[in-house]
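Here are my notes for you on this one, point by point. Have the structure open while you read, and look up each residue as we get there.

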Amino acid sequence: MKRLLLSLLLLLASGLPLLAQSATTLSGTVRDAAGGALPGVNVFLRGTFDGASTDSVGAFRFETRQTGAAVLVLSLLGYQPQETPVALNGQPVRLSLKMKGTPHALGSVVVTAGAFEASDEHRSAALNTRDVQTTAGALSDVAAALNTLPGTTKVGEEGQLFVRGGAANETKVYLDGLLVQNFYAGSVPAVPARGRFAPTLFRGTVFSTGGYSALYGQALSGVLQLNSTDLAAETQTGVSVSSVFVGASRTKRWERTSLDFSGDYTNLTPYMGLLPQNVDWVQAPRGGSGSVKLSHRTGQAGMLKAYGTWSGQRFVIGQPSPEAAGRQQIALQNRNGYLNTTFRSPLRHGWSLQTGVALSRDDKDLQPDTLRLRTLEQAVVGRVVLTNDSVGTRWNLKLGVEGVGQRVTQTYQPHATAALSYQTSFTEQRTAAFVETDFQLTDRLAGRVGGRAEYSALLGLANAAPRLALAYQTTEHSSVSGAYGRFYQTPDNALLLVQPRLRFEEANHAVLTYQYNHNGRLLQTEAYHKTYAHLTRFDGQNPRNPAAYTNDGTGYARGLDVLWRDRKTVKYLEYWVSYGLLDTRRQYRQDPVSAVPTFAAKHNVSVVGKYWVPKLTTLFGATWSYGSSRRYHDPNQDGYNQGVLPTYQDLSLNASYLTRLFGQFTIVHVSASNVLGRPNVFGYRYATTPDAATGQYRRVAITPTAPRMLFVGVFISINKKSPGNVNERPE
């Protein structure tokens, strides 16, 4: 459990206006050449997620924690883009702006197909940092918070993102445009994994569940784009003490540069000794991590960022087993290093550059009973994107290339203490090129068209993936959009280690979306249909036989996703409700026939609420999650994946109390998951051979590692300025 909640709510403080001491408020109006109000103008700071849209009278207002020189961008299809330099120093900025229109300037359409806007951040930011930190049950984990959005299925034994009938490896994560090779910390079967990155690293997220941009590849089902912060807001020191870890951080801010350090140590031994567990922890999870982040502003709009992190963890768990011994012991040791460096800058003649390089090294040592399996993955990722926003008032252009170099080695020892071992490995060099343009066909009809081509040296194959999206503005606050695309992905590393000569796996997406967004209320419904081709299959009785590997697997997924979010109806209350209907079947991996995957639930519901009580200076949160019955394979019955699990239900609560301790700004955070003690079952383990007396295969249930999770943490921010009016509503 790496960096469980380090700095869980230190950034919560900076995410609430009531605590945003150094925030700058930008407000004003936007009008056309004749002085008429322009509604729907996108007003934002270049290179950030800070911005707003103008209302019906052309007015806008938003806050930013950026400081120094910045560029305010006005964008409205049918009008000439406009950039205005602004100085951000904590003092309010009031602007009166005008835009020059084209002969057909009437409206604005935003292509939104496949990207749920679950917060009010513009440009489809699904969840911001505060959303992740304050969603009950998420425990400050990005993936857990995103699992409350439609299109996802809560798979409690995995803890990862399962999107619209796709497996977890079909959703890829990009950090500042660079593909992340090992987003989740190491884990073992039936112990949920967590994301490696703390949410305090990010300004916003874009969670795309279908029909996403040609800029992103190697994902059959979904893409999570993580956008890191630029310059830190202020100089401060943080100290964190909780029931499971201790941590410290230091941030130094200069005019154009900021430097962040953080470190933590996690040890769950005391915690697990106090609360009942469903498993036997021979050695409770323990580990440490550290990170450093350097940001430097180059010129008015350029930014250089470098982020590095290292983490290590170890635990030994004893799990119930259906075999004669009645228990299986698994030890895990995982060490991971990651470095991400990016640079963006405007060029000449309307061009801008975004480029970066990322290095990663992940070493996972797994020891089930007397065996030992060590997997070492090393990778380098590079990317260059050129954007031109001045080629015309009705379209722009993006061009880019991407390269991935990867080396994966796996060592297998039948006996951990013996010298005998077997080793397999592969090396991959994959290149990609992409082009994409956003355009406006008429005053109310806009679109996006692009394509992506990839070549894999390991597979010896290339692919071409077209993408298309169209959007029509139905009313001032609503639109209908659709998207279609083809998506490719190389098979999972575990498969390539056995048989490297496979094909690209393929999916085709068709998405139709309706969205209404006005006055703090969002309604989005999305129907989708996916087809799969060339999925990898193998012999489940002999998974290490390379001759049995083929790419003749197929499947489909179709359904309806609905999201409603409301921040205005009840004062101090923010909530969202999501529902997903999923119909899916596939034949892949060891499946002998087409069947409903074990990780798919037909109905998924989440209700998330957050209520601020000014008199108590406390933010209360609650999350209720429901998943209909999932399938599992029962060898004691005829058929395949014919077993039906109980429904999944969970009620989680949390509270964040804002106060001062030793004269320093402090947050006390308490959270509890599964407060009603629901006995959720995620599946069953069956014995490898039938019982001699009954002829039946014995089984044991796969359940959460503990009946519930309780967390108490105190987070102190030293040298932070005094909070503002604590009676204001959190935003």
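1. Let's start with Arg486, which is partly exposed at 29% relative accessibility (buried means under 20% relative accessible area, exposed over 50%, partly exposed in between, with a 1.4 Å probe and protein chains only). Its partner is Glu506: the two side chains meet in a salt bridge (3.7 Å, N to O). A salt bridge here is a side-chain nitrogen of Lys or Arg within 4 Å of a carboxyl oxygen of Asp or Glu. Arg486 sits in strand E24 (residues 478–489) and Glu506 in strand E25 (residues 505–518), so the pair links distant parts of the chain, 20 residues apart. Glu506 counts as buried, at 11%.

2. A word on what you're looking at: this is a predicted model, where local features need pLDDT of at least 70 and side-chain atom pairs count only at pLDDT 80 or more, while totals for chains, interfaces and linings use all residues. Residues are numbered from 1 along each chain as its sequence is written, and side-chain values use heavy atoms, with hydrogens and water left out. Helices (H or I, at least four residues) and strands (E, at least two) are DSSP runs, numbered from the N terminus.

3. Back to salt bridges: the count comes to 29. One of them joins the side chains of Asp131 and Lys610 (3.7 Å, N to O). Asp131 is in helix H2 (residues 129–134) and Lys610 in strand E29 (residues 603–613), so this pair ties together parts that are 479 residues apart in sequence. Asp131 is buried at 0% relative accessibility, and Lys610 is buried too, at 3%. Shared partners join Arg130, Asp131, Arg565, Arg567, Glu574 and Lys610 into one salt-bridge network.

4. Now find the largest nonpolar core, which has 43 residues (a nonpolar core is a set of buried Ala, Val, Leu, Ile, Met, Phe, Trp, Tyr and Cys residues joined through side-chain atoms within 4.5 Å). Helix H3 (142–146) gives the largest share of this core, five residues. Leu146 and Leu224 are among the residues with the most contacts inside the core. Not counting residues up to four places away in sequence, Leu224 touches several residues, including Val142, Leu146 and Phe207 (contact means heavy atoms within 4.5 Å).

5. His534, in strand E26 (residues 521–537), has a positive phi of about 60° although it is not a glycine. Asn674 also has a positive phi, near 50°, and is buried at 6%.
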